[in-house]
Amino acid sequence: MDDREARFEAIYAAAYEPILGYVLRRCASPDDAADVVAETFTIAWRRLEEIPPGGRARLWLYGVARRVPADHRRGEERHRRRTTRLRDEIAAVETDPVEASAIAAAFRRLSDDDRELLGLVAWEGLDHAAIAAVLGCSVGAARVRLHRARKRLDRALRSDARPAAAQRPITERRSLT
């Protein structure tokens, strides 16, 4: 075990119960509390060099544990706003079978990777951080990949929306007179 691991284990052993008690008094459910405690110690591991020595480490962890639920709520709200629009569009499409078949056709023309990304958002309800974890990439990379996949879906949908004459090869559209 290296010094980093030993320090973290010492901080964890000394602060786990007080942090758990603090979080349990502030969360609506034990499951939420477990998530907050896990995220608190995940942040502690990532930022171990920033944690002050001795008893001040516990105070630092209280500060992190205090912010984690607020950060989580903000993230959930962002996610809710993003997916509400998509769900509304899907609900509108469900009433129009022609449009639904056009979306399905455009979706099928996408690459497997694009379909997977869009499915993780639309059907699994995952946010950028969760998608990054699933794909094993950074949050920024997940955000860029999802943006590009959405653009490709948009282009596929727009190509389906062109009038039938515009979809035929140019030689068929010319007048033979």
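How many disulfides does this structure hold? The count comes to 0 disulfides. The model is a predicted one.

**Cysteines**

C27 has a relative accessibility of 17% and counts as buried. C137, at 19% relative accessibility, is likewise assigned to the buried class. C137 is buried because its value falls under the 20% limit.

**Positive surface patch**

R78, R82, R143 and R150 together form a positive surface patch on the model. Two elements each contribute two or more residues to this patch, namely helix α3 (56-94) and helix α7 (139-161). With a relative accessible area of 45%, R143 is partly exposed.

**E9 and its setting**

E9 belongs to helix α1, which covers residues 3-24. The relative accessible area of E9 is 43%, so this residue is classed as partly exposed. E9 and W45 are separated by 36 residues in sequence, and their C-alpha atoms lie 9.7 Å apart in space.

**Accessibility by residue**

The table below collects the residues discussed above.

| Residue | Relative accessibility | Class |
|---|---|---|
| C27 | 17% | buried |
| C137 | 19% | buried |
| E9 | 43% | partly exposed |
| R143 | 45% | partly exposed |

Technical notes. Residues numbered from 1 in each chain as written. Predicted model: local features only at pLDDT ≥ 70, side-chain atom pairs only at ≥ 80, totals over all residues. Heavy atoms only, no water. Patch = residues over 30% accessible without salt bridge, like charges linked within 9 Å, V, L, I, M, F, W, Y side chains within 5 Å. Areas by Shrake-Rupley, 256 points an atom, 1.4 Å probe, with all protein chains shown as cover. Salt bridge = Lys/Arg side-chain N within 4 Å of Asp/Glu carboxyl O. Lys, Arg positive; Asp, Glu negative; His and termini not counted. Charge placed at Lys NZ, Arg CZ, Asp CG, Glu CD. Helix = DSSP H or I, 4+ residues; strand = E, 2+ residues; numbered from the N terminus. Buried < 20%, exposed > 50% of the residue type's maximum accessible area, 1.4 Å probe, protein only. Disulfide = S-S within 2.5 Å.
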